[in-house]
Amino acid sequence: MTAPLPRLPHALRLAALPLPLRPLSLLLGALTRRMAQAHPEMTRRMGDHADRHFLIDPVDLPWLLLLHPQGQTMTAHRRSRPPACDARIAGPLSAFLAMMHGAEDGDALFFSRDLAVEGDTAAVLALRNAIDDAELDLAGELAALSGPLAGPLRQALLRAERASGLTLHRQDDFA
Amino acid sequence: MMELVCPAGTPAALRAAVEAGAHAVYCGFADETNARNFPGLNFTPEDMAEGVRFAHARGAKVLVAINTFPRAGAEPLWHRALAHAEAAGVDAVILADLGLLAHAAEHHPGLRRHLSVQAAAANPDAINLYASAFGVRRVVLPRVLTVEEIAAINREIDVETEVFVFGGLCVMAEGRCSLSSYATGKSPNMNGVCSPASHVAYAEEGNDLAARLGGFTIHRTARTAPAPYPTLCKGCFTSGPQTGHIFEDPVSLDATHLIPRLAGAGVRALKIEGRQRSRAYVAQVVRAFRAAVEAQAAGRPLPESQLARLAEGQKATTGAYAKTWR
Amino acid sequence: MMDLTVGPNFFFWDATRVRAFYHDLAETPVARVVLGELVCSKRLPFWQDEIGPAIDRLGAAGKEVALTSLALITLRRERRQTADLFETGLPVEVNDLSALAHLPAGQPFWVGPLVNVYNEGTLRWLIRRGARRVCLPPELTLESVAVLARLGREEGVPIEVWGHGRLPLAISARCYHARLHDRAKDSCQFVCGEDPDGRDVATLDHQRFLAVNGVQTLSQSTASMALQIDALREAGVAALRLSPQSRDFAEICRAYAAGLAGQQSGADLAARLRPLVPDGILSDGFLTGPAGAAWSGDATPARVQ
């Protein structure tokens with residue numbers, strides 16, 4: 001836990017650039033719907049805060065993501081045209097993924113400034129706590145989403161994880 | 001072996017704590033009846049019953065904190081929490097309010113009662129009063145005492161004592177502080193929150209990040225420096241010619257190396273703060289402390305603490321346990 | 001009919017100042033006075049010889065007098081002193097619950113604002129133990145005050161609320177005065193005596209915020225129920241508690257008495273008080289406002305200078 005959080009390598013970052021927003025939004029939307037439906041307690045746990053709009057700003061990616069838990073939507077936006085939001089969370093993609101997968105503690109990431117929060121802090125706290133309880137597994141969700149491609153995609157993610165240092169699956173051993 | 005009492009803000013954290021070696025887990029219902037009433041945290045009565053089944057199947061206990069002070073005219077909410085806890089089969093409830101203790105002793109006599117740190121029972125007279133009046137079996141000592149004072153207290157009382165060893169640190173006598181509600185209207189005693197996130201605003205101003213609570217500036221940090229959460233008593237203020245952390249530095253408690261002395265002082269249980277922290281945090285801290293209490297019980301040297309990075313502000317103190325803190 | 005109680009002095013004043021204070025207080029229209037050391041037992045030897053004469057003078061002036069316990073009792077010596085309070089024959093105001101352990105069976109007592117009385121169950125329990133007068137914690141809302149005042153009336157126990165003074169927001173084992181002077185608590189050299197109304201603490205943006213008084217943390221604003229007198233009377237509150245300050249306190253007592261008697265409107269009372277309180281800031285937000293620091297007389301909760 002003492003190693004610095006990885007930043008997305010430049011090659012990967014550039015590779016992400018030309019990805020058009022619309023297909024990306026579709027994929028994110030499908031993923032968010034799937035996760036919300038598989039983990040209904042996540043939205044319940046957030047209470048009224050589920051109706052907030054969260055701007056997720058992975059600073060090493062070219063886009064911003066707008067999450068609306070109540071509506072089960074997530075859309076991608078250009079940095080040049082940021083959408084309106086109730087709260088903004090900024091940090092390297094690896095910090096988001098590590099927090100999501102229980103590899104890092106959200107509070108520790110905030111204290112160390114790996115993640116920065118603006119706007120409705122209480123809503124961010126609710127989102128963080130609800131995600132932590134849901135024990136999400138991005139790799140599993142992606143694999144489940146893609147049906148017949150599950151096996152190959154999982155392999156690709158594991159390779160990406162090793163290459164990039166990102167946490168793409170749930171950490172069952174926290175040590 | 002000393003009992004390790006570990007925090008669980010969510011069912012996932014409860015499972016993580018039990019699997020990491022917690023002897024007991026403490027948690028609360030998702031409302032203002034417990035002192036960590038934070039957005040997205042805590043248990044429904046169904047979550048609680050499920051958590052108790054999970055913990056009991058693995059030999060761990062579940063303690064339920066109902067440790068705010070019931071609002072006048074709304075006591076039934078707190079009374080229902082007691083009934084839900086008993087129905088879920090929990091091992092004890094952790095209470096602070098006189099009226100709620102009296103209600104529990106009368107209506108739930110079989111439900112073991114612990115005295116919350118929020119009751120601030122800081123001397124043997126107070127502890128013996130709670131023991132004789134309400135049948136309290138264990139007291140969580142306020143974080144205002146030195147190890148020597150804890151030993152002296154244990155010589156004068158018959159109930160078990162539990163002390164905090166890791167995590168957030170109150171500098172004020174717990175349960176007797178309304179700093180938070182002075183700035184925000186929400187307090188630990190009434191609402192189960194201190195310096196609530198709903199009243200926190202961060203603003204980037206020049207090269208600074210200002211953190212405000214209810215409109216009051218709690219600290220300013222350089223944009224790139226670590227930024228502690230704006231907890232009121234850990235803020236940076238000005239008094240006369242001095243500017244600094246007038247009440248407490250943004251540190252957290254780590255009393256790992258005091259475990260042998262706390263055992264010698266007659267302490268029965270060690271408590272880890274942090275129901276608002278993630279399951280990742282809980283698992284790491286619990287695992288480290290389980291190793292420490294096992295080493296202590298076996299008379300082996302304690303393992304080096306690896307927990308610094310998880311600490312608030314990433315600095316640790318032994319707090320009031322050392323007299324110089326005062 | 002609401003009346004006035006003067007609470008114990010929070011600050012470290014020398015014997016001369018204490019003597020003058022109670023001398024003047026005896027001439028004011030307050031009904032009762034609670035005195036004694038509340039904050040730090042180390043201060044007591046410097047002024048305890050004034051307590052007896054003050055009790056006599058106040059009693060002769062027709063005031064009811066009680067002695068306070070400490071707010072945080074930890075040392076063996078402090079526990080003994082607490083037990084001794086019950087031997088004086090005067091009512092004892094309990095401000096640390098552990099004082100009840102020393103209460104002789106059947107002896108009545110008062111409950112001070114530093115005991116957590118938030119609800120009917122607690123109030124009922126204390127009354128059953130012998131509480132005969134209860135000053136509620138300043139943090140309570142008007143709704144809670146009304147519920148507890150009603151129960152107090154049913155039980156024949158007067159309920160008092162915080163009427164005036166810097167708010168006692170926290171108590172600690174750590175001495176902030178000593179810390180500000182880089183001294184250990186045990187060698188504090190009584191630096192808290194330099195600040196007869198506490199030492200002001202401002203935010204980094206120069207907002208007036210808190211005040212430290214040894215191990216106690218106070219609000220920098222002076223809470224005042226000047227604008228809430230009618231609401232409190234309607235709620236059934238029996239008395240307002242006025243907490244001592246170093247200057248103009250007799251005048252403050254007379255101002256509240258005029259307010260209670262309806263000789264002065266709340267707004268006029270507030271206007272009369274403002275120049276008399278340290279730093280000129282008033283608050284009453286715990287009762288009906290968004291936060292304790294708020295003042296119902298204006299819209300801004302925190303005033304930036």
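1. In this predicted model, Gly112(C) counts as buried because 29 C-beta neighbours lie inside 10 Å of this residue, where 20 or more are enough for that label.

2. As for its setting, Gly112(C) sits in the loop of chain C that runs between strand E5 (109-111) and helix H5 (120-129). Leaving aside residues up to four places away in sequence, Gly112(C) touches Thr68(C), Glu93(C), Val94(C), Asn95(C) and Cys135(C). Phe249(C), which is 137 residues from Gly112(C) in sequence, has its C-alpha 20 Å from that of Gly112(C).

3. Turning to chain C as a whole, its secondary structure comes to 11 helices and 12 strands. The chain is as compact as a globular protein of its length, because its radius of gyration of 18 Å is close to the 19 Å that the globule rule gives for 305 residues. Taken along the principal axes, the C-alpha atoms of chain C fill a box of roughly 50 × 50 × 35 Å.

4. Of the 305 residues in chain C, 58% are buried; among contacts in this chain with a separation of 6 or more, 65% are between residues 24 or more positions apart.

5. A separate point concerns the contact between chain A and chain B, to which each of the two chains gives 31 residues. On the side of chain B that touches chain A, the elements that give two or more residues are helix H1 (11-19), strand E8 (200-205) and helix H10 (279-298) of chain B, and H10(B) gives the most, with 6 residues. By class, that side of chain B has 17 nonpolar, 9 polar and 5 charged residues.

Methods
Residues numbered from 1 in each chain as written. Chains lettered and ligands numbered in written order. Predicted model: local features only at pLDDT ≥ 70, side-chain atom pairs only at ≥ 80, totals over all residues. Helix = DSSP H or I, 4+ residues; strand = E, 2+ residues; numbered from the N terminus. Rg over C-alpha atoms; globule rule 2.2 N^0.38 Å. Buried ≥ 20, exposed ≤ 12 C-beta atoms within 10 Å, placed from the backbone. Contact = placed C-beta atoms within 7 Å. Nonpolar A, V, L, I, M, F, W, Y, C, P; charged D, E, K, R; others polar.
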